[in-house]
Amino acid sequence: MASRAFVVRLGAAARVHIERNGLMPHDIRCVPAAAGGPKGLALMPLDRRLFGDWLARPRDLTLIGASIGAWRMAAAAHADPLQAIARLERGYVEDQNYGVKPRAQEIAARMRGNIAAGFGDWRPRPEIRVAVLTSRATGVLKQNASRQAFAAVTLANVRGRRHLARHLQRVVFSRGGSEAANELFAHDPFGAIHARLTEGNAVDALLASGSIPLLCDPVHDIAGAPPGWYWDGGLIDYHLFYPYAMLDGLTLYPHFSPTLTPGWLDKFLPWRKQGVRARGADWLSTMILIAPSPEFLATLPNAKIPDRGDFHRYGQDHAGRIAAWKKAIAECERFAEEAHAWLARPDPSIAQSL
């Protein structure tokens, strides 16, 4: 018998709910989507099944994303999610062919073109609340994109996330649905400034959410939000670690990792991981986390899902990178099919604890 392509991890309250009541689409009230660049491509086949079928008729659903997660959730909230997801996938895979040493300005311009093509006329469904996470520069990063400034911020984060909060401020651009999820962001040192996501600022907000320091220029002075430089939302919110248990209903987290790492800089600090050995269990008690299994990942090109390192691995062999990414996405249809089937008929006995 072939090994499962997915792993599922359940918070304590989610497990009790499923054991007593099963699982229906209307039980899901929140779907987070992590930052992670090309890693998000592995989840797009599951996005198509979720938002084109299982969650096609949402009720008071909140989608939260940073970086590529924000782009995925914006596509999922589109009036035609299947078309929007396909357009995002095509642009991300095929339209990022850079030279040997691309300038930050060039990468920013290419990304802006892709986002404008995908979301320039974006109008999400009103029954879905979409929250796009960005990081506004303050402290040493205020109008400073130097390596020295980001080195100082990295050291501040090692001391603790409260020290990182002196240099980055969470700004959440949101639109539609209930505003109950706003309370999620009030429980860590970063807090949140809330700005309305509109047709006029959607491209800027989505671009800012994926603007990686030292690789890409920041986005300046987004309409409807405090003036300043805006960077990748994943700097603060890499895997979106929030107190989801305070929300009504369950949280469904399609993820490329079986654990949550709060900020991008924390991925170098393994002790910051959450959902491991009961750390963070109270915040994640209502969560259903589904990720590709290690056995499945070993079958993919290069034995992994796509990641940013592939730009260096393939260099100027753009056709090779594109082919590998397309094959990985195609293979991830098996992960998506199995995960979708589990959601339709969940078996908590195969689920690990979160």
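Me: Which residue does the side chain of Asp60 meet in a salt bridge at 3.7 Å, N to O?
Reply: A salt bridge here is a side-chain nitrogen of Lys or Arg within 4 Å of a carboxyl oxygen of Asp or Glu. For the side chain of Asp60 the N to O distance is 3.7 Å, and the partner is Arg29.

Me: What kind of model is this, and how are residues numbered?
Reply: Residues are numbered from 1 along each chain as its sequence is written, and side-chain values use heavy atoms, with hydrogens and water left out. Local features need pLDDT of at least 70, side-chain atom pairs count only at pLDDT 80 or more, totals for chains, interfaces and linings use all residues, and the model is predicted.

Me: How many salt bridges are there by this rule?
Reply: The pair of Asp60 and Arg29 is a salt bridge. By the same rule the count comes to 16.

Me: Is Asp188 buried or partly exposed?
Reply: Buried means under 20% relative accessible area, exposed over 50%, and partly exposed in between (1.4 Å probe, protein chains only). Asp188 has a relative accessible area of 22%, so Asp188 is partly exposed.

Me: How many residues apart in sequence are the parts that Asp188 and Arg170 tie together?
Reply: The side chains of Asp188 and Arg170 meet in a salt bridge, 2.6 Å from N to O. Asp188 lies in the loop between β5 (168-175) and β6 (193-196), and Arg170 in strand β5, so the parts tied together are apart in sequence by 18 residues. Strands are DSSP runs (E, at least two residues), numbered from the N terminus. The separation asked for is 18 residues.

Me: Is Lys304 buried or exposed?
Reply: Lys304 forms a salt bridge with Asp307, the closest N and O atoms being 3.4 Å apart. The relative accessible area of Lys304 is 18%, so Lys304 is buried.

Me: Which residues do salt bridges that share partners join into one network?
Reply: The bridges in question share partners. The network they form joins Arg48, Arg49, Glu89 and Glu333.

Me: How many disulfides does a search of the whole structure find?
Reply: A disulfide is counted when a pair of cysteine sulfur atoms lies within 2.5 Å. Cys30 is buried at 0% relative accessibility, and Cys332 is also buried, with a relative accessible area of 0%. The search of the whole structure gives a count of zero.

Note on methods. Helix = DSSP H or I, 4+ residues; strand = E, 2+ residues; numbered from the N terminus.
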